[in-house]
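User: Can you walk me through this one? I'd like the helix packing and the ligand surroundings.

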Amino acid sequence: MKRMLITGGAGFIGSHLVRLFVNKYPDYHIYNLDKLTYAGNLLNLKDIEEKPNYSFIKGDIVDGVFIIKLFEDYKFDAVIHLAAESHVDRSISNPLEFVMTNVVGTVNLLNAAKHIWKNNFDGKRFYHVSTDEVYGSLGEDGMFTEQTAYDPHSPYSASKASSDHFVRAYHDTYELPVVISNCSNNYGSFQFPEKLIPLFINNIRHNKPLPVYGKGENIRDWLWVEDHARAIDVIFHQSANGKTYNIGGHNEWKNIDLIKVMCRIMDRKLGRAEGTSQNLITYVKDRAGHDLRYAIDSTLLQKDLNWTPSLQFEEGIEKTIDWYLANQIWLDDVTSGDYLKYYEKQYVSR
Ligand code: NAD
Ligand code: DAU
């Protein structure tokens with residue numbers, strides 16, 4: 001049985017990936033290592049937590065001694081590393097936390113993999129999940145390819161860029177069998193409501209102001225989170241060592257246009273007169289260092305490994321809004337902090 005470590009599996013993308021792997025690969029044992037920061041929520045995995053090929057481990061990737069011991073005890077064959085501090089606004093208020101988790105945490109995992117695998121890399125793989133933000137910001141034209149030079153602007157993207165460089169350095173220096181992917185903005189279920197789409201769905205639902213940064217003219221390239229998980233699956237199993245793949249949906253939206261679409265859909269679903277939710281739009285001070293435009297060219301992934309996004313945005317955004325409206329208890333637990341009690345109930349005191 002393959003022993004797979006997935007880090008950050010209680011977060012947004014991680015929980016979708018853990019679910020996919022646990023259900024699709026009964027002959028893999030999936031170990032989900034997560035510190036359960038404010039962004040980690042075990043309720044995201046309630047449907048698979050009793051599966052025999054799944055285990056949860058609470059722990060911090062910044063703790064190097066703990067990580068080495070963990071690899072010695074469990075002898076993982078493969079790692080898919082998603083654990084990170086992921087919110088740009090938080091990185092602006094507290095950059096050091098991003099350096100610790102995203103850079104030091106990643107190097108701790110690389111060291112542990114190198115230590116335990118020695119020079120026998122047969123069947124081994126270290127997959128690092130990264131972001132398109134490492135490439136910086138585009139003007140009106142062009143797209144990020146795998147050859148685009150790194151040019152990060154926020155402490156978040158600088159920390160992710162640094163971690164990518166370390167992963168490549170461990171490949172080039174120690175021949176560690178690594179793969180990296182850089183993905184555009186994800187959307188879908190189980191995303192913490194500090195990010196644009198779930199935050200605005202929740203605010204519309206409660207008739208609260210929608211804080212649009214600057215003029216709302218920044219552009220993001222949105223991908224359905226389950227398509228990201230599918231891409232990771234394909235790359236994990238089929239990529240050559242040392243490769244990088246960009247993942248994206250060719251789906252660019254100006255923030256303000258996307259927000260208006262969400263307002264229209266929610267007016268309809270909540271039985272409000274058309275235009276009601278749009279009145280909640282409030283222009284606020286721009287994010288410092290706000291990247292203007294991201295757009296991912298994922299041709300290489302489509303050509304090499306035959307991956308394409310499965311869902312059109314029009315369908316995806318409807319499904320996403322439906323999910324948050326149908327899962328108001330999840331949203332309420334997350335916004336009130338009640339979800340933090342779940343670990344205690346499920347894993348400590350029973
Ligand atoms: P998230 O914030 O929802 O989840 C991060 C998870 O990591 C949480 O469960 C958290 O508890 C855990 N974690 C944080 N610090 C930890 C530590 N020190 N030790 C162990 N666990 C820790 O993030 P996400 O949006 O799911 O992103 C996952 C990964 O994908 C990140 O590496 C991010 O950079 C990358 N990414 C995200 C997007 C996106 O649109 N969300 C796009 C491209 C790439
Ligand atoms: O591109 C991939 C990245 O996408 C990931 O690496 C990050 O982890 C993820 O958080 C996301 O980063 P963004 O900064 O693009 O996402 P966010 O949802 O925070 O913001 C999307 C856009 O909406 C951005 O232009 C800022 C704007 N925004 C965001 C918030 C939270 C607002 O106008 N108002 C808001 O309240």
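Analyst: A term to begin with: a crossing is left-handed if the near helix is turned anticlockwise from the far one by less than a right angle, and right-handed if clockwise. Helices (H or I, at least four residues) are DSSP runs, numbered from the N terminus. Helix 2 passes helix 4 in a right-handed crossing.

User: Is this experimental or predicted?

Analyst: This is a predicted model, where local features need pLDDT of at least 70 and side-chain atom pairs count only at pLDDT 80 or more, while totals for chains, interfaces and linings use all residues. Residues are numbered from 1 along each chain as its sequence is written, chains are lettered from A and ligands numbered from 1 in the order in which they are written, and side-chain values use heavy atoms, with hydrogens and water left out.

User: At what angle do helix 2 and helix 4 cross?

Analyst: Roughly 35°, with the axes of helix 2 (residues 64–74) and helix 4 (residues 95–117) coming within 9 Å. Axes are lines fitted to C-alpha atoms, for helices over the stretch in contact, and angles run from 0 to 180 degrees between N-to-C directions.

User: Which residues meet there?

Analyst: From helix 2, G64, I67, I68, F71 and E72 meet residues of helix 4 that include N108, L109, A112 and I116. Contact means heavy atoms within 4.5 Å.

User: And how do helix 1 and helix 7 cross?

Analyst: The axes of helix 1 (residues 12–24) and helix 7 (residues 225–238) cross at roughly 55° and come within 9 Å. Helix 1 and helix 7 are therefore oblique to each other; angles under 35 degrees count as roughly parallel, over 145 as roughly antiparallel, 65 to 115 as roughly perpendicular and the rest as oblique. The crossing of helix 1 and helix 7 is right-handed.

User: Switching to ligands. Which residues come nearest to ligand 1?

Analyst: I13, D34, S86, Y156 and K160, out of 28 residues around ligand 1. Being around a ligand means having a heavy atom within 4 Å of it.

User: Where are its polar contacts?

Analyst: A polar side-chain atom of Y156 is 2.6 Å from an oxygen atom of ligand 1. A backbone N or O atom of F12 lies 3.0 Å from an oxygen atom of ligand 1. A polar contact here is a pair of N or O atoms within 3.5 Å.

User: What about ligand 2, which residues are closest?

Analyst: T131, D132, Y156, R287 and H290, among 24 that surround ligand 2. An N or O atom in the D132 side chain is 2.5 Å from an oxygen atom of ligand 2. For T131, the side-chain distance to an oxygen atom of ligand 2 is 2.7 Å.

Terms used:
Helix = DSSP H or I, 4+ residues; strand = E, 2+ residues; numbered from the N terminus. Polar contact = N/O pair within 3.5 Å; in protein donor to acceptor, adjacent residues only side chain to side chain.
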